[in-house]
Amino acid sequence: MPFPAMVVMSKLWHTDFLEYYDGDTICGFVYLAHNRKLVFIMFLAVDEVLRSKGYGSAILHEIQSRYSDKKMIVSIEPCDVAASDLTLRVRRKAFYSRNGYRETGYRMRLSGVEQEILICNGEFDKGEFRRFFALYSNGTVWPKIWEQETEKDY
């Protein structure tokens, strides 16, 4: 999602665009949407200079504390062997795994991009997640969600 669109969407009741600081230094930000039952982290970014220093984990832990009663969902590019940036994808998946996220066994296509769905704090429910998108987008977004093959991609 383009940055200006994120800023506009963050004004909606079910969307948060949060900045995280270490003193006066901005470390990163997160863009997420939520409802009564779940939170979907759409974008998490940490300043490139500050990566691998624990800021991303700290941000995720703060979000998990803020929404402790909700399922936490994130989507990442799958670790397909043919991906030109496989190392980066594997590192990203390992990061989420270290922070309590696990595979759901599902993938989705959102804005033409295939993504793997990870979850923390509960079990994944395909119908619930599709309804979440319908509410979030006022019925304009219905991502294709399917069960992925059981073999690991990498």
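This is a predicted model: local features need pLDDT of at least 70, side-chain atom pairs count only at pLDDT 80 or more; totals for chains, interfaces and linings use all residues.
Biologist: What makes strand 1 and strand 7 the edge strands?

Modeller: The sheet is open, and its seven strands have the order 1-2-3-4-6-5-7, with mixed pairing. Strand 1 (15-22) and strand 7 (144-147) each pair on one side only. Neighbouring strands of this sheet are turned by 30° against each other on average, direction ignored.

Biologist: How do you know that strand 1 and strand 2 pair?

Modeller: Two strands pair if DSSP finds at least two bridges between them. Strand 1 and strand 2 (residues 25-34) have eight bridges, in the antiparallel sense, so they count as paired. Within these strands, aspartate 16 stands opposite leucine 32.

Biologist: How do you know that the span of helix 2 is close to the expected one?

Modeller: Helix 2 has 12 residues, and 16 Å is expected at 1.5 Å a residue. From its first C-alpha to its last, helix 2 reaches 16 Å.

Biologist: Why are the buried residues of helix 2 said to line one face?

Modeller: Those residues are Gly56, Ile59, Leu60, Ile63 and Gln64. Seen down the axis of helix 2, they fall within an arc of 135°, so they line one face of the helix. What covers them includes strand 1, strand 2, strand 3, strand 4, helix 3 and strand 6.

Biologist: Why is the largest set of 22 residues called a nonpolar core?

Modeller: A nonpolar core takes in buried residues of kinds such as Val, Ile, Leu, Met and Tyr, joined through side-chain atoms within 4.5 Å. Strand 3 gives the largest share, four residues.

Biologist: Which residues does tyrosine 96 touch?

Modeller: Not counting residues up to four places away in sequence, tyrosine 96 touches Leu44, Leu60, Val74, Ile76, Tyr101 and Leu118.

Biologist: What does the second core include?

Modeller: The second core is separate and has 16 residues, among them Tyr31, Ala33, Phe40 and Ile119.

Methods. Residues are numbered from 1 along each chain as its sequence is written. Side-chain values use heavy atoms; hydrogens and water are left out. Helices (H or I, at least four residues) and strands (E, at least two) are DSSP runs, numbered from the N terminus. Axes are lines fitted to C-alpha atoms, for helices over the stretch in contact, and angles run from 0 to 180 degrees between N-to-C directions. The expected span of a helix is 1.5 Å times one less than its number of residues. Buried means under 20% relative accessible area, exposed over 50%, partly exposed in between (1.4 Å probe, protein chains only). The arc is that of the directions from the helix axis to the C-beta atoms. Contact means heavy atoms within 4.5 Å.
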